[in-house]
Amino acid sequence: MRILVAMSGGVDSSVVAARLQEEGHEVVGATLQLYDSRKAAKKGACCAGQDIRDARAVADRLGFAHYVIDAERRFQDSVIERFADAYAAGETPVPCVACNQGVKFTDLLGLAREIGAQAMATGHYVRRVEGPQGAELHRPVDIARDQSWFLFATTRAQLDFLRFPLGDMPDKASVRREAERFGLVVANKPDSQDLCFVSDGSYVDLVERMHPEMAGPGEIVDRHGHVVGQHEGVMRFTVGQSKRLGNAARLDGERQMVVGVEPGRKRVIIGPREGAYTSTLSVRDVNWLVDAPPEGLVCDVQMRAREAPRAARVVPMAGGGAQVFLNEPAMPAPGQACVFYRDTRILGGGFIRRAEGLAA
Amino acid sequence: MTTPSAGSAPGTEPTYLDANATEPLRPAAGAAMLDAARLVGNPSSVHGAGRAARAMLENARSTVARRLGVEALNCVFTSGGTEANVLAMHGLGGGRRFLIGRTEHDAVRKGVPPTAAGPIEWLEVGADGQVRLDLLEQSLARRDAAPAFVCLMLANNETGVLHPMAEVARLCTHYGAHLHVDAVQGAGRFDISVREQGFGSVACSGHKMGGPKGAGALLLGGPAPTRLDPIFEGGGQEQGRRGGTQALPAIAGLAAALEEGLDNPRDLAPLRDRLEHAAVQAGAVVCGAGAARLANTSCLALPGRRAQGQLMRLDLDGLCVSAGSACSSGKVAFSHVLDAMGLGPLAGQAVRVSLPWNVTAAGVERFMAAYTAMAAATRETAEPMAGNVPAGVVRA
């Protein structure tokens, strides 16, 4: 069948394309141009960066059609601006979820349908399992590369159309061996790191450029509003963090952590580690991959990209939200995803709401 | 973007309908190139081999000059259309203010020299894509300003729309402006006489008329040799106006292609009209249909359907067409031409079909079938259009 492969120019999606072609599918490659690389890299004759050239080189070598898709505007609006706005609202966003949700699984997937493809494949490390009630989303075999948390917002209709051929790979070394077997130039290319749209690895400058009102130093205060220290900028702080608190890291012999961020007042609120935990949290924009029972379900929840799941009960609420009751208290960070799992399967997930009583 | 064979159905040759990107090689051009490539000499050398090469070069020069209506010494060979445009703008535009059509090619839009007087003044076009003569005259008539350097193209690469060049030239002469004409899409397709038509300078490109890539020409309307400051001086070739050894095979191919094209005119309008009729039946609108146009070019917008998806689908069906003017990365950008015509979202929803000199009726029919099928298959996923399709673009 005709399959559109979302190619980033890296080794993973290149191997996906090569394997699908070997299996006899008609592969069509597409690479999203998300930003003008000339601005970031300051050199290079073409607006296409090295990744786009790599993806084309793979397609040319294997002999299938490849297209560059202009998604600059859409990426700016739907990912970068929302990323900065979330910080301005005192949250710690997950831009990769927004990108998968919008640019990749809505726009590119729509394009795949427009060109008559029967499926779209990506290089994500996640498994799609054909279950009795339709497609299911699972953690991959290689847990070290698990990307399922970032894909919780994939809708059932999208999942139906998607394929993730790397979900069964035992480890990255086997993927690289596959790339070598196919003779791909990207076989030894380093993995991409951090946020793709921040070239120097620091998102702080970017957010401060878009929200200058948040930039600059401010006060660190305790729960009662007493000033206990100074900080260099609110963007550097996430709920649950203990670093960068200086002398305020320990007050009255108790270790402190960030319990809230108020960007409008440039304030970071701290509290004792022990007292800051909570057992209930509220999530918004929930995507369900199962039919959620109204009385709720018992499952595990994962609230950060790299964190062990915790036992919990999740109850769906009206308006697309849910209430999460943790068996053991924890410190959820507003804006991060709270993803519901049962064993390896994703049941659903949403975004953690800000606790009440904080000013944005 | 891809090699033509990559996306087409197995066992079938792709159908090439992208002449405005590059015309297929004309037989006379291929033969002339081979002859030139066999010559050893450098046209600047003083020995016999050099003389033979120079004779061939000057022969090509006099052919091009004669067919385009300038004196032989006012034909300056370049590497292509972009360089010819930029050479004119740099060499003749210093100290002048630049009046540039909104729908010009990037070669011109981005070719203004640092010695220009003041910022670019953009010349607006109407909904049909033709320059607004009233606004042109308003700009030219400014008394307090530096003398003008007007850039307007003969035929638009995306829509095929022709500006009313006789009136433009008359206005430019009347107000003492230099008129530079990017004739990349017109030269070789119909007769042009640079001097008789009152053009100050004209750029053309070999591969857009069935020659090889790698040669272009700048024709100068004044008495020969018209002085022109070079961009690079090198060994003083081309009367000191363009340094560097001339690409003789490409130049010989350009001259032969021009001659063959003008001596064997073929009216592509009947095929074009059939194609457009089928496209309109399928729901397309023809951009610029209200204006005089090149006979080979159709700019077809399918409301609510992204150009990118249309292009990919047609390519995968073995049909080579374009959208906008593709960036070298191959991404499909929003069309600044259709945007300037006020077509709103349609600027991101149009593909350009440009029939080559050797197009067959069967090729056009294959396009019509594939386009109709594409329009039908994507009708349900089409984004609803906000507001109505602008008036004046649908071909009756």
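Okay, let's start with a hairpin: β8(A) and β9(A) form one, with 5 residues between them. In that turn, A:G225 has a positive phi of about 90°. Quick reminder, this is a predicted model. The two strands, residues 218-221 and residues 227-231 of chain A, run antiparallel and pair over 4 bridges. If you want one pair to look at, find A:E219, whose bridge partner in β9(A) is A:Q230.

Next, the active site. Which residues does UniProt mark with that feature? The record, an unreviewed entry, puts "active site" at A:C99 and A:C196. They're spread over 98 residues of sequence, yet they cluster in space, with a largest C-alpha distance of 10.8 Å.

Let's take them one by one. A:C99 sits in helix α5, residues 95-114 of chain A. Buried or exposed, then, for A:C99? A:C99 is buried, because 25 other C-beta atoms lie within 10 Å. Setting aside neighbours within four places in sequence, A:C99 contacts A:V79 and A:K104. A:C196, on the other hand, is in the loop between α7 (172-181) and α8 (204-210) of chain A. A:C196 has 16 other C-beta atoms within 10 Å, so we call A:C196 partly exposed.

Last stop, A:S148. You'll find A:S148 in the loop between β6 (134-138) and α6 (156-161) of chain A. A:S148 counts as buried because it has 25 C-beta neighbours inside 10 Å. Not counting residues up to four places away in sequence, A:S148 touches A:V126, A:L137, A:H138, A:R139 and A:I346. And check out A:Y125: A:Y125 and A:S148 are 23 residues apart in sequence, and 7.2 Å apart in space, C-alpha to C-alpha.

Definitions and conventions
Residues numbered from 1 in each chain as written. Chains lettered and ligands numbered in written order. Predicted model: local features only at pLDDT ≥ 70, side-chain atom pairs only at ≥ 80, totals over all residues. Buried ≥ 20, exposed ≤ 12 C-beta atoms within 10 Å, placed from the backbone. Contact = placed C-beta atoms within 7 Å. Pairing = 2+ DSSP bridges. UniProt positions renumbered as here; feature names shortened; annotations may be inferred.
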